[in-house]
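These are my notebook entries on a single protein chain. I set down in turn what I looked up in the structure.

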Amino acid sequence: MSIISNATIISRESTTSISDVYVEKAISLINKNFPNISAASLAQMIGLDRSYLGKRFKKVTGMTLQTYLKNYKITQARHLIESTNLSLLEISQRCGYQRVDSLARTFKATYGLTPSDFRLQQKELLTL
């Protein structure tokens with residue numbers, strides 16, 4: 001369980017402390033256009049060079065834009081796993097993963113459990 005609580009990302013609520021208008025815009029666009037957004041399309045929508053946006057993003061948030069996008073995707077997947085009965089295939093598609101095994105591999109690396117084991121653990125916790 002400690003592995004799960006240690007996996008954190010910048011949440012939507014924390015954007016109020018961000019002092020860079022381009023980074024705020026990037027996070028807002030990620031929230032609105034998820035999962036169909038990439039670093040390149042994000043930079044294009046904001047009107048900045050991808051590399052420049054990436055540098056600003058890292059300076060403000062402490063993580064690369066790619067890492068933020070990856071964390072955002074896996075966090076959204078986790079939310080769907082624990083709050084719905086959608087299949088892992090449906091969840092992987094909704095969260096922008098090409099294949100279920102990609103979701104499973106990333107999920108296990110992030111949370112220390114497979115998505116199926118995590119869902120089972122959550123159901124067991126609810127029945128206590």
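**Entry 1: helix 5 and helix 7.** I began with the axes of helix 5 and helix 7 (residues 100–111) in this predicted model. They come within 10 Å of each other and cross at roughly 95°. Helix 5 is therefore roughly perpendicular to helix 7, since angles of 65 to 115 degrees count as such. I then listed the residues that meet. From helix 5 I noted Lys70, Ile74, Thr75, Ala77, Arg78 and Ile81, and from helix 7 Leu103, Thr106, Phe107, Thr110 and Tyr111. Sorted by class, this contact has 6 nonpolar, 3 polar and 2 charged residues.

**Entry 2: Leu88.** I located Leu88 in helix 6 (residues 88–94). Which residues does Leu88 touch, not counting those up to four places away in sequence? I found Ile81, Val100, Leu103, Pro115 and Ser116. For Pro115 I also looked up the separation: Leu88 and Pro115 lie 27 residues apart in sequence, and their C-alpha atoms are 7.7 Å apart in space. Two of these names I had already written down, as Ile81 of helix 5 and Leu103 of helix 7 belong to the contact in my first entry.

**Entry 3: helix 2 and helix 4.** I next examined helix 2 (residues 21–33) and helix 4 (residues 50–61), whose axes come within 9 Å and cross at roughly 95°. This makes helix 2 roughly perpendicular to helix 4. Helix 2 contributes Tyr22, Val23, Ala26 and Ile27 to the contact, while helix 4 contributes Leu53, Arg56, Phe57, Val60 and Thr61. By class I recorded 7 nonpolar, 1 polar and 1 charged residues for this contact.

**Entry 4: salt bridges.** How many salt bridges does a search of the whole structure find? The search gives 3. I looked up the one in which the side chains of Asp20 and Arg56 meet, at 2.7 Å from N to O. Asp20 sits in the loop between helix 1 (2–6) and helix 2, and Arg56 sits in helix 4, so the pair links distant parts of the chain, 36 residues apart.

**Entry 5: a peptide bond.** Is the bond from Phe34 to Pro35 cis or trans? I found that it is cis, with omega near 0°. I had in mind that most peptide bonds are trans. Pro35 lies in the loop between helix 2 and helix 3 (39–46).

**Entry 6: the largest pocket.** The lining residues divide into 7 nonpolar, 3 polar and 2 charged.

Definitions and conventions. Residues are numbered from 1 along each chain as its sequence is written. This is a predicted model: local features need pLDDT of at least 70, side-chain atom pairs count only at pLDDT 80 or more; totals for chains, interfaces and linings use all residues. Side-chain values use heavy atoms; hydrogens and water are left out. Ala, Val, Leu, Ile, Met, Phe, Trp, Tyr, Cys and Pro count as nonpolar, Asp, Glu, Lys and Arg as charged, and the others, Gly among them, as polar. Axes are lines fitted to C-alpha atoms, for helices over the stretch in contact, and angles run from 0 to 180 degrees between N-to-C directions. Helices (H or I, at least four residues) and strands (E, at least two) are DSSP runs, numbered from the N terminus. Angles under 35 degrees count as roughly parallel, over 145 as roughly antiparallel, 65 to 115 as roughly perpendicular and the rest as oblique. Contact means heavy atoms within 4.5 Å. A salt bridge is a side-chain nitrogen of Lys or Arg within 4 Å of a carboxyl oxygen of Asp or Glu.
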